[in-house]
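Student: I would like to take a close look at one single part of this model. Could you walk me through it slowly?

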Amino acid sequence: MRSRKYSPKTVAVFTSMCVLAVVMLYPFAFMINTSFKSKAQYFGAPGHSTASWGKLFDTLPVWKQLLNSTLVCAGAISIILVVATMAGFAIAKMRSKATPIFFLGIVGAMLIPLQSIIIPAYINASKLNLLDGYSGAIFLYAALGSPFATFLMTSYFRGIPDDLVEAAIVDGLSYPKVFLKIALPLAVPAVITVIVLQFIQVWDDLLVGLLFIQDPAYRTITVGLGALSAGRVTDIPVLMAGSLISAIPAVVVYLIFQRQLVNGLTAGIGK
Amino acid sequence: MAKKSSLNQQRTRVGIIFATPALLLVSAFLGIPIIQAGYFSFTEWNGIDAKWLGISAYVQEFKSPIFWRVLENNGLLLLGVPVAILFPMGIAFLLNEKVAGWKIFRSIYFLPTAISWVVIGMVSMRFFAQEGLLNELLKAFGLGFIKTDLLSSEKGALFAVAITFIWSMVGTNSIIFLTGMATLDQSLNEAARMDGAGNFRIFRSITLPQLNRFIQFSFIITVISAFTALFSLIFVMTGGGPGFGTTTLEFFIFQSAFSRGNFGTGAMLGVILFFMMAILGIGQLLLMRKKDE
């Protein structure tokens, strides 16, 4: 009797969505399942074990690399936030003759592919001794993330009425005070979007980390994993355990801040 | 009046100060390097000494069959773009039916957006491997005789990369279209139905035009991703091989500079990639401008 509520169309839609869900979740299932097998079990022996997890922690300084990833993300995101909120406020609320050119430059910078600048940027950074610790990677990530973050902050600050800013100025507040006391608190949702977007971007990146962090002791987890897979390690369960652990932080952030991520993504569509 | 103009001055001055950090950061790490890339693209450069070659640097590269082989790979990847747009569009229509649990499904489809290409590449590699799930599935459907080893052939490996790429775009593109569908004007559909229009006609003449902006956006995002976001995937999955089978332009840049030490060639390829993306971006802007008028 219950089935009467569902039209054949609804059933068909639901079934296809379930099939698709399996396709999209397969990598996660594969990672979890494989990581709990020893090498022999992966090649057909029955059962599960935690042997590969033990091996992962012996092969890869997992905790250190997770910490490295966290520090690199924190550094890059802090710079992006300072730079992008200020620039966004300048474009939206402190317009002058130079504003359109500046805004065009920011939008133009969004179009520059990383691969187009990476060679000169790498040589410059090596001449400035920025490749030894985290700093080269942090600055490059910050520079790569700032244009879009500025764009996002600009559109958000534009939503704050000019009258509100002008009234505060007439009341005797300076522009920096208006920025700190009025505009920034109102822009918290946009700030969170920037943080989430950049966190996932930087956490998941391989290329910049691979080139701009020369000392293996400073490697991020994604780079550590990439180097491992490109090296001689063919122990697939170990690689899957590593993949899983590197994916968890970004997945958790995604699950909590899904809406902000979607907002950031669709912000580029414009009105 | 004096007060007003001093306020204007303050605004301009503070505005400039506020914009300066962004200007410095972006100039130092993106602006100057892209100009340098332009200069060094005309040279033979090992990272330290550069020898000026002029336009012949480009001429030489354009004569190289490997360069065209690499561009062909980019071209072949473009063939995946319509699939990477239309398939998610279909998914968005399914989600938009809002059957029970659609929000959970939406989250699941978008989830791969959070994981790195390194991880995706590693799993995908096992999927397409000889003893991987793909062959097991084929066997299960009685197609065991096909038994593929995609990653061992040039075209096969590129196909595997393209499939992985399409899979990873599902989340992003369905979300874009779902956002678009939320903006559809339902009253237009009803009016058309009154006038006797069928489902297909409504889709083609009413739904699609309204989604135009979103199709364009998803097209841009997908092409940019195909050309500039797949480095890590290729690095992990195929290393650009077999042969030059999966070496796309962005991967070739890395190889030229960091495996072969030809920094000048790498810079030149970077400039070429930049122009391709710039043309795409400017084309998009012009198209949007035209619509606005």
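This is a predicted model: local features need pLDDT of at least 70, side-chain atom pairs count only at pLDDT 80 or more; totals for chains, interfaces and linings use all residues.

Student: Which residues does Leu114(A) touch, not counting residues up to four places away in sequence?

Tutor: Leaving aside residues up to four places away in sequence, Leu114(A) touches Leu144(A), Leu207(A) and Thr228(B). Take Leu144(A) to begin with: 30 residues separate Leu114(A) from Leu144(A) along the chain, yet their C-alpha atoms are 7.7 Å apart. Leu114(A) has 20 C-beta neighbours inside 10 Å, and therefore counts as buried; the cut-off for that word is 20 or more.

Leu114(A) belongs to helix 6 of chain A, which covers residues 114–127 and so has 14 residues. From the first C-alpha to the last, helix 6 of chain A reaches 19 Å, close to the 20 Å expected at 1.5 Å a residue. Helix 6 of chain A also has a kink of about 30°, and the kink is centred on Pro120(A). Pro120(A) is itself buried. Other buried residues of helix 6 of chain A include Gln115(A), Ser116(A), Tyr122(A) and Ala125(A). Because ten of its 14 residues are buried, helix 6 of chain A is largely enclosed by the rest of the structure. After helix 6 of chain A comes Asn129(A), with a positive phi near 55°.

Thr228(B), one of the residues that Leu114(A) touches, takes us across to the other chain. In total, 68 residues of chain A are in contact with 66 residues of chain B. On the side of chain A that touches chain B, 51 residues are nonpolar, 16 are polar and one is charged.

What does the partner look like? Chain B contains 13 helices and two strands. Its radius of gyration is 24 Å, well over the 19 Å given by the globule rule for 293 residues, so chain B is more spread out than a compact globule. The C-alpha trace of chain B spans about 80 × 65 × 30 Å along its principal axes. Buried residues make up 41% of the 293 residues of chain B. Of the contacts in chain B with a separation of 6 or more, 67% are between residues 24 or more positions apart.

Back in chain A, there is a division into domain 1 (1–29) and domain 2 (60–269). The C-alpha centres of these two domains of chain A lie 37 Å apart.

Note on methods. Residues are numbered from 1 along each chain as its sequence is written. Chains are lettered from A and ligands numbered from 1 in the order in which they are written. Helices (H or I, at least four residues) and strands (E, at least two) are DSSP runs, numbered from the N terminus. The expected span of a helix is 1.5 Å times one less than its number of residues. The bend at a residue is the angle between axes fitted to the seven residues ending there and the seven starting there. A residue is buried if 20 or more other C-beta atoms lie within 10 Å of its own, exposed if 12 or fewer, and partly exposed in between; C-beta atoms are placed from the backbone. Two residues are in contact if their C-beta atoms, placed from the backbone, lie within 7 Å. Ala, Val, Leu, Ile, Met, Phe, Trp, Tyr, Cys and Pro count as nonpolar, Asp, Glu, Lys and Arg as charged, and the others, Gly among them, as polar. The radius of gyration is taken over C-alpha atoms; the globule rule is 2.2 Å times the number of residues to the power 0.38. Domain bounds come from an automatic or database domain assignment.
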